[in-house]
Amino acid sequence: MKNSYQKLIRILFIPLAIAWSLQAVAQERTVSGRVTSAEEGEGLPGVNILIKGTATGSVTDFDGRYSLTVSDDAVLVFSFIGFTTQEVTVGSQSVIDIALAVDVTTLAEIVVTGYGTQERKEITSSIASIKEKDFNRGMVNSPAQLIQGKVAGLTITKPGGDPNDGYTIRLRGVSTFGANQEPLVVIDGIVGASLSSVDPADIASIDVLKDGSAAAIYGTRGSSGVILITTKTGKAGRTTVDYNGSVSFDNVQNTMSFMTPDEYRSQPGAVDLGSSTIWIDEVTQTGVSQIHNLSMSGGTPSTTYRASMNFRDVSGIGMNTGFTQINTRLNLSQKALNDKATITAILAYTTRNSDFGDKAMFRHAILANPTMSVLFDGATGLSEIGGYSERDIFQWWNPVSIGEQLINDGTDKRTVGQLRFEYDFVDVIDGLRLALSYSQQKENFVRGFYSPKTLKFRDGSVNSGNASRRIDQNENELFEATVDWIGSAGSTDITVLGGYSFQDFFFEGFGMSGGQFLTDAFTYNNISAAQDFANGLGDVFSYANSNRLIAFFGRVNLNINNTYFFSASARQEGSSRFGENNKWGLFPAVSAGVDITQLTGVGGFDNLKLRASFGRTGVIPGSSYLSLQRFGPAGNFFFDGAYVPSYGPVSNANPDLAWETKDEWDVGLDFVAVNGKISGTIDYYQRTITDMILPINVPIPPNLFRTTDLNIGELKSNGFEFAVEWSAVSNPSMTYTTGLNFSTFNTTIVSLTSGDLSFGEGGVLYRANFGSPGQNDTETVRVKEGEPLGDLWGPVKIGVNADGTPEFQDLDGDGTYCNCDDDRTVIGNGLPDFTLGWNNSFSFGGGWDLNLFFRGAFGHDLLNSYRGFYENLESTTVGSWNIVNTDAFDPAITKAVVNSSHVEDATFIKLDNASLGYTFDMSNSNAFTNIRFYVSGQNLFTLTGYSGIDPEVRYIDTGENFSDPDDPLSPGVERRDTYFTSRTITLGLTLGF
């Protein structure tokens, strides 16, 4: 709203500025300067500047500049609608720059909601709005990073520092075990858009619909919340060109503690191979990255545009990991038909080339014998493969060989197009508007993998070359039509919305693999020459599937005398992924609020709004055709001397398959106090998730397949959220604003059974197999009805036996420890008790600014896999690998058995983001409107007692093997293939023309 308002002011005040300038009366001397917004730093056009006590003055131009002839004792009064008025005595000053602060009592904040906008005072749901000025800074390569830690209840994590890893996003904890665990993303009205299709530099604001009443308008995809992204657009006025460039340096922040070469040599059973190697240094580097953003925007009152190009070249701290990305975006808006119609076109294209490497090189660098050479030196006990040193031991390969030789790359291409038509029927019915929108998103992913003949990896032998190649393509078409009316009846403002949505999805792909190559020359580009299907060598696959969503929706908002607020919505939605008997679902919502300050005087409060809401949302199945009886490939079998593919059932029919349902209640309090200096929000919510879509074991016969996807089970969760911002200091020499957000959530598994059917055995599942060496079939997580989600499971260590084995507590009281579930118990929980973010923003006279942002998670535990396997003096451990050496290392332990001592409190708080910048005074420049230098740091330090690589919450278990699927039922395990954490320092330059 502020940008639109400024655009209007520019147009209206041009003639006034000219006229007033002509009336200026010559005084003793001239002062000049620039008036900017204290929030955004942008020049404000149309600001009134009066000499106090007179009618003499001036008005700022397009860029907020002014010039005025005054006497030395004059007092200048700067005033602008929506901002606080300032007075300045001229004195001996010849240049007076002013930053006007927003007057929250007069300027309404506009918040983006589903299919519309509302003033903040009218919001009756739990919605967080983050503007560009509040985004995280520095080397930000994902839109998720912009708001990491900024929204109460929204957790955004990425354990380790891999530049190619995505972020795990959870809103108010866990809302489903199946698909759609992350919030629905809507970019400029494109529902289900990819976060990767927009560059962070092109984003103007991000709004988060947190509760069920706000998200219900999106139906079967709103259970995990909704993230609404609005991109930057052009403004009427002169053409502006903006450039932002930066270079960043990444270095290892943290890794695992292990023995040095001399420490290792001193251990009984150590194998001294004659060298001294710090393997971590061999596989890591200083990652040097660069980012360049260039945009051009402008327009006339009837046509506005913004075009941008963004280039990113990012290198990780692990050798041969990183990506290059180019993103382009065009936003174009044209008014027509006497300004009653507006046509908007958006076109975006992104291409990204990635080198993924393999996180296994970090594991093997930690475990490598530190007395071994990187390159083969002829030492006894070593073998030479491709010039590298290797050993014939279980689960270890030369990490430098992996990092330098393995090819694991990919190319992603995304195209997004949108055309939107809006028409205002002002001549027919005042306030009636029609909007038609069509959008299309196409994504293409190409992956290539090649392990050369000279690389010993994964299968433990020289594989004579191994390759795979696959291509996946997704298409998403969306058509939506909405009609809304804004009107009033007496003291009641009314907004009515009705709409229709049609969305079609199509997915296809194919791939192949092979081995036993004659040459490495063609890598993965000649796979057909290395396939021998008769002997089970090689694979070819392809797939295609589609699904469709159709919805009708409506909403009514009431504002009664700016005191009472009411909203009700409903969405009737159908999906082809549901069973024949349950294609359609209804998702209603209702919310209400009252501004208590309008009813009675509340000392110190400018606004105090109590609100309550209820909303129902849903979750659709994760893939198509789950409700149908299907047949497909079912593996290979050996027949008559050859491997023969087999076919059989892959799913059972379930015509009653329906959506998961989440009912959510929310009670909140929004407040503004002390003349707008303090603002905040408080929320308490309760959720009930029923009819979860889970694969349930069923008998054969009568079923043809061993599992059926059924609606079964129930989850309950609740939480408390608090966010506050305080403008603590505001004067010409310094401003200081601090903001804190705090959130809790608790999730309980109420039921996993229905009659004779159960997810797991009797409503109990044991998951997160610890793995090899020596601990396969050791599950470390228990999921049980009536218990909280995230329980870590295992024996309780109470000492060390004489034979070096850990001594465990006899929990069932039978006198002996049985290494069974009777003597195992809950030994921790992987989910946090609460999370917080704390922001501190300073600005100082002379153009300096400083921002410090802290983020933390408290009360969660992590199972440290490295300690569970290698923090002991078992002969196999010492003879094969290096030894993990934390403060808890006990040389008396000679047997590796994962237990309670390996579960650690992973509470942490970190300086997640810090930036220091200087903005030059460009009031006298004809070439530049803005020049700013800055230095920023990310992940600068972490305070934690956790001894592993990264104390970040693990909301999913990535599994022990690279092919394991992510498991949302098993949080709290730090696996060995974790990319080391990194610390980033960025130097940047911003230019405006």
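Predicted model: local features only at pLDDT ≥ 70, side-chain atom pairs only at ≥ 80, totals over all residues.

Residues are numbered from 1 along each chain as its sequence is written, and side-chain values use heavy atoms, with hydrogens and water left out.

Thr738 sits in strand β39, residues 734–744; strands here are DSSP E runs of at least two residues, numbered from the N terminus. Thr738 counts as buried because its relative accessibility is 13%, the cut-off being under 20% relative accessible area with a 1.4 Å probe, protein chains only. Its side chain makes polar contacts with the side chains of Trp838, at 2.9 Å, and Asn840, at 3.2 Å. A polar contact is a pair of N or O atoms within 3.5 Å; within protein, one must be able to donate a hydrogen and the other to accept it, and residues adjacent in sequence count only if both atoms are side-chain atoms.

Now the sheet. Three strands form an open sheet in the order β52-β51-β55, with mixed pairing. The edge strands, β52 (903–905) and β55 (973–974), each pair on one side only. Pairing requires at least two DSSP bridges between two strands. β51, residues 861–864, runs parallel to β55 over 2 bridges, and antiparallel to β52 over 3 bridges. Leu863 bridges to Val973 in β55, while Leu862 has Glu904 in β52 as its partner. Both faces of β51 are covered: Asp861 and Leu863 are buried on one side, Leu862 and Asn864 on the other.

How values were computed: Helix = DSSP H or I, 4+ residues; strand = E, 2+ residues; numbered from the N terminus. Buried < 20%, exposed > 50% of the residue type's maximum accessible area, 1.4 Å probe, protein only.
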